[in-house]
Amino acid sequence: MLIFENVCFSYPGGSPVLEEVTFAVRNAEKVGLIGANGAGKSTLLKCVPGLLTASGKITVSGIEVCREKLADVRRKVGYVLQDPDNQMFMPKVIDDMIFGPVNYGLSREEAEAQADKVLEDLGISRLRDRYNHRISGGEKRMAAIATVLAMEPDVMLMDEPSSSLDPKNRRALINTIKKLDKTMLIASHDLDMILDTCSRVVLLDGGKVIADGECGDILHDRELLEAHCLELPLSLL
Ligand SMILES: Nc1ncnc2c1ncn2[C@@H]1O[C@H](COP(=O)(O)OP(=O)(O)OP(=O)(O)O)[C@@H](O)[C@H]1O
Ligand SMILES: [Mg+2]
């Protein structure tokens with residue numbers, strides 16, 4: 001469903017940030033993308049909807065990411081950015097949630113019904129008519145996640161979805177992720193969440209894939225994690 005083949009990227013004038021990244025996420029598989037600060041997780045996610053242009057090949061639902069196909073690719077990919085301030089741009093939460101679906105042809109009523117269901121699933125219906133600039137950081141992150149879910153994308157990319165969430169919202173997010181039968185790539189330092197939601201993990205360091213395997217194997221491997229500036233999930237200590 002999502003294939004990275006020999007993906008390389010450098011920011012202008014910089015050294016390589018991604019080097020020959022190769023792995024695939026199968027249909028309905030949930031994969032955790034882990035690695036220290038600066039490992040290249042966000043950069044890799046940004047290459048999928050073409051926010052950054054990498055060399056190598058990225059394929060989403062059989063469509064190769066390239067300039068001519070960007071609109072098709074973006075229709076299939078939902079992307080929760082690391083910073084929700086960069087994602088929410090309409091006045092109210094509900095406006096953001098229906099913007100994409102209405103653009104893709106739903107009526108306002110249909111889009112609102114779809115949005116209301118997502119809000120209810122996440123337990124945040126109270127945010128529906130709130131102004132984006134008047135909600136807290138964690139509320140904004142939940143709203144950003146809801147906005148992407150309301151698009152019903154084939155593939156979901158999430159960058160640090162649980163950061164700044166309180167335990168109740170974090171649990172609601174985890175339960176929602178677990179319930180969704182969707183292809184997901186989730187970049188996070190919250191290894192407990194990854195352990196709870198993903199079946200596979202890809203470990204990046206210095207832009208290279210260091211390990212790719214079962215969650216149970218990689219997240220239990222103290223030596224491997226510590227060699228790459230990570231720690232065992234708290235629940236395994
Ligand atoms: N806009 C940019 N211009 C130049 N270099 C950048 C830019 N954004 C990121 N980098 C560099 O690219 C490397 C990878 O950054 P990236 O944001 O992908 O890391 P990350 O794994 O997401 O880290 P974190 O866990 O802190 O979110 C880092 O060395 C970073 O300094
Ligand atoms: Mg990042």
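Cys215 is buried, at a relative accessible area of 4%, where buried means under 20% relative accessible area, exposed over 50% and partly exposed in between (1.4 Å probe, protein chains only). The structure shown is a predicted model, in which local features need pLDDT of at least 70 and side-chain atom pairs count only at pLDDT 80 or more, while totals for chains, interfaces and linings use all residues. Residues are numbered from 1 along each chain as its sequence is written, chains are lettered from A and ligands numbered from 1 in the order in which they are written, and side-chain values use heavy atoms, with hydrogens and water left out.

Cys215 is in no disulfide, and the nearest cysteine sulfur, belonging to Cys198, is 5.7 Å away; a disulfide here is a pair of cysteine sulfur atoms within 2.5 Å. The structure as a whole holds 0 disulfides. For Cys47, the closest cysteine sulfur is that of Cys8, and at 10 Å the separation is too far for a bond. Cys47 is buried as well, with 2% relative accessibility.

In one, 4 strands form an open sheet with the order β2-β1-β4-β5 and antiparallel pairing. Strands (E, at least two residues) and helices (H or I, at least four) are DSSP runs, numbered from the N terminus, and two strands pair if DSSP finds at least two bridges between them. The edges of this sheet are β2 (16-25) and β5 (63-64); each has a single partner strand, so one side of each is left without a neighbour in the sheet. Strands β1 and β2 run antiparallel and are joined by 6 bridges, with Val7 finding its bridge partner in Val21 of β2. The hairpin of these two strands has 5 residues between them, and there Gly13 takes a positive phi near 75°. On to the next pairing: β1 (residues 2-10) and β4 (residues 55-60) are antiparallel over 5 bridges, and Glu5 has Lys57 of β4 as its bridge partner.

The other sheet is also open, with 6 strands in the order β6-β7-β8-β3-β9-β10 and mixed pairing. Its edge strands, β6 and β10 (208-214), pair on one side only. From one strand to the next the twist averages 15°, with axes taken as lines fitted to C-alpha atoms (for helices over the stretch in contact) and angles running from 0 to 180 degrees between N-to-C directions. Within this sheet, β3 (residues 30-34) and β9 (residues 200-205) run parallel and are joined by 4 bridges; Val31 is partnered by Arg200 in β9.

Helix α5 lies across β6 and β7 (155-159), running at about 180° to β6. Helix α3 is mostly covered, as 8 of its 11 residues are buried, among them Val93, Ile94 and Met97. The cover over these buried residues includes α4 (108-122) and α5, contact meaning heavy atoms within 4.5 Å. Just after α3, Gly105 takes a positive phi of about 110°.

The largest nonpolar core has 45 residues, of which Ile34, Met97, Leu122, Ile186, Ile194 and Leu219 touch the most other members. A nonpolar core is a set of buried Ala, Val, Leu, Ile, Met, Phe, Trp, Tyr and Cys residues joined through side-chain atoms within 4.5 Å. The most is given to this core by α5 (residues 137-150), with 8 residues. Leaving out residues up to four places away in sequence, Met97 touches Ala115, Val118, Leu119, Ala146, Thr147 and Ala150. A second, separate core of 31 residues includes Val7, Leu33, Val48 and Tyr79.

Pro49 sits in the loop between α1 and β4 and is buried, with a relative accessible area of 6%. Apart from neighbours within four places in sequence, Pro49 is in contact with Leu70, Val73, Arg74, Tyr79 and Leu157.

The magnesium ion (ligand 2) is coordinated by Ser42 (OG) and Gln82 (OE1) at 2.0 to 2.3 Å. Ser42 belongs to helix α1 (residues 41-47) and Gln82 to the loop between β6 (77-80) and α3 (93-103), so the pair ties together parts that are 40 residues apart in sequence. Donors are N, O and S atoms within 2.8 Å of the metal (3.2 Å for Na, K and Ca), and sites may look incomplete because water is not among the atoms. Ser42 is buried at 18% relative accessibility, whereas Gln82 is partly exposed at 40%.
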